Amino acid sequence: MTNHIFSRDRLVKLSRDKMIKRLPPLNFVKVFECSARHLNLHRAAEELGVTPGAVSQQIRALETNLGIPLFERLHKRLRLTLAGQQLFATSGQVLQMLQETVDRLPSPRQMVRITAAPTLCTRWLVPRLSTFYERYPNVGVLIDASIQYVNLADEPFDVAIRHARTGANSAQHEVMFPDEVVAVCAPSIASSVSSDISTAKLLCFAVNDHWPCWLSAKGLTGYNKLDRVSFSHLMLALDAAIAGQGIALSPLQLVEHDLRQGRLVRLHGDPVPTGFSYYVVARREARHVAAFTEWIIEEAAKDPEHEDQLSWD
């Protein structure tokens, strides 16, 4: 005869495994509890969002699983058996406790995937993200800083920020703010170039060179042949302006921080409309994406800060 010696841990595991095998599927218990409260298959089906036939089928499956009847089927109504009364007495409490526990669990961190131009990301979007995180702590943001236009239907992004001609908005495109540019330069050269910009180089964003538009709006003629330096990214032109290498054009929203910190000053007054705007395009089916889109439109609606010391006229 073979002796079987089990440790305490082994006995606990055997007991737990036996208990788990005895427990019926949780969804069966949920359907039973709802049916027991209503004592009516149709009302239970309405609450659960299924058909009465599906409710009846799961109750029979539970009774088969337990090996005992839980309801007496009367004309157009149900009545709990003694076993059904015993199960109903605890099933509601257990389901409620389970729901409360699940509600207390940390929410999964959802991610909004964004594609936008590098300069907009670094000088406008990223400095504002702390206010989004404060409002939605369980939503993360993944940013792809790129000048490449992507089709949201074909690429793994939820939100795209576009620069396009004003009037291009539709149900999928919502205006953030118009592209109205200001001329900016380092304080070290501001006094010399404010009266005669021919003494400075024009720092150009090669993709969208708005200097002809700005010069025309300011009534400045004869400057189209000035020395120019072109950059593939607007932020490079702005970095060159901060270094005192010339004058750059930028939407006011993208240089607010530099103006406040005194790294740049504004020349020749008010911004000049370029005929372009910044748009946000989003797939709003997911709630966290819709929340981000609403937040970014709200941020874009805030007026850029205008301070007298930021201008050099």
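Q: Is Gly246 buried or exposed?
A: Gly246 is buried, at 1% relative accessible area. Buried here means under 20% relative accessible area, exposed over 50%, and partly exposed in between, with a 1.4 Å probe and protein chains only. Keep in mind that this is a predicted model, where local features need pLDDT of at least 70, side-chain atom pairs count only at pLDDT 80 or more, and totals for chains, interfaces and linings use all residues. Residues are numbered from 1 along each chain as its sequence is written, and side-chain values use heavy atoms, with hydrogens and water left out.

Q: OK, and where does Gly246 lie?
A: In the loop between α9 (234-242) and β9 (247-251). Helices (H or I, at least four residues) and strands (E, at least two) are DSSP runs, numbered from the N terminus.

Q: Which residues is Gly246 in contact with, leaving aside its neighbours within four places in sequence?
A: Val184, Cys185, Ile189, Ala200, Lys201, Leu203, Ala240 and Ala241. Contact means heavy atoms within 4.5 Å.

Q: And how far apart are Gly246 and Cys204?
A: They are 9.8 Å apart in space, C-alpha to C-alpha, and 42 residues apart in sequence.

Q: Which strand holds Ser277?
A: Ser277 is in β10 (residues 265-282). It counts as buried too, at 2% relative accessibility. Beyond neighbours within four places in sequence, its contacts include Arg162, His163, Thr166 and Asp179.

Q: Switching to helices: at what angle do α2 and α4 cross?
A: Roughly 115 degrees, with the axes of α2 (residues 26-38) and α4 (residues 52-66) coming within 9 Å. Axes are lines fitted to C-alpha atoms, for helices over the stretch in contact, and angles run from 0 to 180 degrees between N-to-C directions.

Q: What does that make them, parallel or perpendicular?
A: Roughly perpendicular. Angles under 35 degrees count as roughly parallel, over 145 as roughly antiparallel, 65 to 115 as roughly perpendicular and the rest as oblique.

Q: Which residues meet there?
A: From α2, Asn27, Phe28, Val31, Phe32 and Ser35 meet Val55, Gln58, Ile59, Ala61 and Leu62 of α4. By class, this contact has 7 nonpolar residues, 3 polar and no charged. Ala, Val, Leu, Ile, Met, Phe, Trp, Tyr, Cys and Pro count as nonpolar, Asp, Glu, Lys and Arg as charged, and the others, Gly among them, as polar.

Q: How do α6 and α11 pack?
A: Helix α6 (residues 118-135) and helix α11 (residues 287-300) pack at about 125 degrees, with their axes 11 Å apart. That makes α6 oblique to α11. Their contact divides into 9 nonpolar, 1 polar and 4 charged residues.

Q: How many residues are in the largest nonpolar core?
A: It has 40, and Trp124, Met176, Phe292 and Ile296 have the most contacts inside it. A nonpolar core is a set of buried Ala, Val, Leu, Ile, Met, Phe, Trp, Tyr and Cys residues joined through side-chain atoms within 4.5 Å. There is also a second, separate core of 18 residues, with Ala183, Ala190, Ile247 and Leu267 among them.

Q: What does Phe292 touch, neighbours within four places in sequence aside?
A: Val112, Ile114, Leu125, Leu129, Phe132, Val141 and Val159.

Q: Last one: how many helices and strands?
A: The protein has 11 helices and 11 strands.
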